[in-house]
Amino acid sequence: MRRIASWFTDVLRNRRRKTNLPRFLTYTVSFACNARCIMCDSWKLPAKDDLKFEEIERIVDQLPRMDAVRLTGGEPFVRRDMADISHLMERKLKPWVVSVTTNGFLTDRIVEFVRDPRRKVPLDLLVSIDGLEAKHNHVRGHSQAYQMCLATLKELAPHRKSLRLRLSVNQTIVDEDGVEQYRLLRDALKPLGVVNKLVMAYDVSATYNLERGIEVAPEKIGDFATFGDFTQEKIRELLDEAESDLPSLPWANRIAKRYYLKGLRSRLLYNEVAPNPRCVALSSHLR
């Protein structure tokens with residue numbers, strides 16, 4: 001209870017811009033990727049500069065305690081020491097939950113990771129699926145992408161309770177077809193009891209761009225642009241649909257996704273330059 005009270009106090013302080021040490025860490029374990037996504041240059045970035053495990057450990061030793069740790073990529077499971085990295089984060093940073101985002105291709109490796117007996121905290125696993133089979137395979141640049149993702153979901157979904165696993169789908173929306181694909185994928189996942197949560201692909205990403213040091217902060221109203229072309233009506237339809245699904249999410253995911261969707265509405269519909277809601281980078285979130 002003391003830790004929960006401390007967390008709520010920090011949330012209030014951060015909203016008042018009284019900066020604390022971050023409580024949520026996102027770590028990109030590798031830019032290497034075995035997909036060829038149309039909206040992302042991560043797979044084109046060199047993986048030779050990925051930190052060795054000992055280097056990661058030296059950095060983690062300097063970090064404060066975290067409430068949540070998110071491991072992502074590239075594709076994090078291209079690293080064979082992913083379980084060791086996750087165990088390091090759990091042991092050193094004492095988070096409530098570890099979250100991992102994956103393209104779901106490497107089913108055997110992912111299942112082995114989820115079953116790692118060293119894990120003591122709940123795992124939030126997000127598998128990236130961007131629509132039904134033809135759509136997803138096109139977006140991910142792999143003819144078997146959808147089937148590999150389904151194999152991963154089917155292997156893990158029946159064992160969520162015993163594995164202390166929250167399993168969901170991250171759906172990247174790349175064009176107007178994504179509005180209908182969101183509904184179709186939601187229905188396709190229902191038999192597995194898995195929900196899909198959307199993310200919007202932007203035209204330029206500072207994190208996954210071949211040009212390093214690129215400046216993407218907006219200078220004027222309307223500078224935020226999506227990867228594909230959308231009418232205002234389609235964006236509004238998509239966001240309304242996603243917001244109507246929020247009650248199906250666990251409370252922590254619901255809060256985070258509501259924050260994200262409100263930001264999308266602010267930038268893409270209302271053309272607001274200043275972050276609304278306020279950005280939590282460094283005050284709450286460290287990447």
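Biologist: Which unit do E3, helix H4 and E4 make?
Modeller: E3, helix H4 (residues 107-114) and E4 make a right-handed β-α-β unit. Right-handed here means that, with the strands pointing away from the viewer, the path from the first strand over the helix to the second runs clockwise. Helices (H or I, at least four residues) and strands (E, at least two) are DSSP runs, numbered from the N terminus.

Biologist: Before we go on, what sort of model is this?
Modeller: This is a predicted model, where local features need pLDDT of at least 70, side-chain atom pairs count only at pLDDT 80 or more, and totals for chains, interfaces and linings use all residues. Residues are numbered from 1 along each chain as its sequence is written, and side-chain values use heavy atoms, with hydrogens and water left out.

Biologist: OK, E3 and E4: in which sense do they pair, and over how many bridges?
Modeller: Strand E3 (residues 97-102) pairs with E4 in the parallel sense, over 5 bridges. Two strands pair if DSSP finds at least two bridges between them. Val-100 stands opposite Leu-125 in E4.

Biologist: And what about E4 and E5?
Modeller: Parallel again, with 6 bridges between E4 and strand E5 (residues 165-173). There, Ser-128 stands opposite Asn-170 in E5.

Biologist: How many residues of E4 are buried?
Modeller: In strand E4 (residues 123-128), 6 of 6 residues are buried, with buried meaning under 20% relative accessible area for a 1.4 Å probe, protein chains only. Leu-123, Leu-125 and Val-127 lie on one side, Asp-124, Leu-126 and Ser-128 on the other, and both faces are covered.

Biologist: Changing topic: how many cavities does a search of the whole structure find?
Modeller: The search finds 2 cavities of 30 Å³ or more. On a 1 Å grid over the protein atoms alone, a cavity is a set of points where a 1.4 Å probe fits but cannot get out, and lining residues have an atom within 4 Å of a point.

Biologist: What's the volume of the largest cavity, and where does the largest share of its lining come from?
Modeller: The volume is about 70 Å³, taken as the space filled by probe spheres set on the grid points, which are joined across faces, edges and corners. E6 gives the largest share of the lining, 3 residues. Lining residues include Tyr-182, Asp-245 and Lys-257.

Biologist: And the second largest cavity?
Modeller: The second largest cavity has a volume of about 60 Å³. Helix H3 (residues 82-93) gives the largest share of its lining, 4 residues. Among the residues that line the second largest cavity are His-87, Glu-90 and Arg-118.

Methods: Buried < 20%, exposed > 50% of the residue type's maximum accessible area, 1.4 Å probe, protein only. 1 Å grid on protein atoms, 1.4 Å probe; cavity = no way out; pocket = protein on both sides within 12 Å on 5 of 7 lines; lining within 4 Å.
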